[in-house]
Amino acid sequence: EMNYPDGTSPPGDIIARWVQLVSETFDARRDDSPCIAIHCVAGLGRAPVLVAIALIEYGMDAAQAVTMIREKRRGAINQVQLNYLEGYRRIRKKGGPCTIM
């Protein structure tokens, strides 16, 4: 579980755990189609923000990540979260391709 208050941005410890999970899952590529299931209560804030962080970590800029997420989940990511994502800086040393299905 990676809980944090709804409508806010994730704290540093959640981001670190999330990026580690994403890296372990996608960088290792133990099979042809690794995936992570993520959810929050409404699917509009916390989960989309974490997905956006993963996309940014793998090379997308914040605007592209938010646009892609909003195409799939209209209404996702509030203004506070958007502002946070626009200022987010990658913590991974290496970037790489990330595929959203």
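This is a predicted model: local features need pLDDT of at least 70, side-chain atom pairs count only at pLDDT 80 or more; totals for chains, interfaces and linings use all residues.

Colleague: How many helices and strands does the protein chain have?

Modeller: One starts by listing the elements of secondary structure. Here the protein chain has 4 helices and 0 strands, and its pattern along the sequence reads α-α-α-α.

Colleague: What share of the residues of the protein chain counts as buried?

Modeller: A residue counts as buried when its relative accessible area is under 20%. In this protein chain of 101 residues, 39% are buried. As for the surface, the chain exposes about 6400 Å², and 53% of that comes from carbon and sulfur atoms.

Colleague: How should I read the contacts along the sequence?

Modeller: One asks how far apart in sequence the partners stand. Among contacts with a separation of 6 or more in the protein chain, 64% join residues 24 or more positions apart.

Colleague: At what angle do α2 and α3 pack?

Modeller: For a helix pair, one considers the angle and the distance between the axes. The angle between α2 and α3 is about 135°, and their axes lie 9 Å apart. α2 is therefore oblique to α3. The crossing of these two helices is right-handed.

Colleague: Which residues meet between α2 and α3?

Modeller: On the α2 side they are Pro48, Val51, Ala52, Leu55 and Ile56, which meet Ala62, Ala65, Met68 and Ile69 of α3.

Colleague: Which residues touch the most other members of the largest nonpolar core?

Modeller: One looks for the members with the most partners inside the core. This core holds 24 residues, and Ile53, Ile77 and Leu85 touch the most other members. At least two core residues come from each of α1 (12–28), α2 (46–57), α3 (62–72) and α4 (79–87). α2 contributes the most, with 7 residues.

Colleague: What is isoleucine 53 in contact with, apart from its neighbours within four places in sequence?

Modeller: Its partners are Pro10, Ile15, Trp18, Val19, Tyr84, Leu85 and Tyr88.

Colleague: Where is isoleucine 77 found, and is it buried or exposed?

Modeller: Isoleucine 77 sits in the loop between α3 and α4. Its relative accessible area is 3%, so it is buried. Its phi is positive, about 70°, although isoleucine 77 is not a glycine.

Colleague: Thank you; I shall follow these steps in the structure itself.

Notes. Residues are numbered from 1 along each chain as its sequence is written. Side-chain values use heavy atoms; hydrogens and water are left out. A nonpolar core is a set of buried Ala, Val, Leu, Ile, Met, Phe, Trp, Tyr and Cys residues joined through side-chain atoms within 4.5 Å. Buried means under 20% relative accessible area, exposed over 50%, partly exposed in between (1.4 Å probe, protein chains only). Contact means heavy atoms within 4.5 Å. Accessible areas come from the Shrake-Rupley method with a 1.4 Å probe; for residues, only the protein chains shown count as cover. Axes are lines fitted to C-alpha atoms, for helices over the stretch in contact, and angles run from 0 to 180 degrees between N-to-C directions. Angles under 35 degrees count as roughly parallel, over 145 as roughly antiparallel, 65 to 115 as roughly perpendicular and the rest as oblique. A crossing is left-handed if the near helix is turned anticlockwise from the far one by less than a right angle, and right-handed if clockwise.
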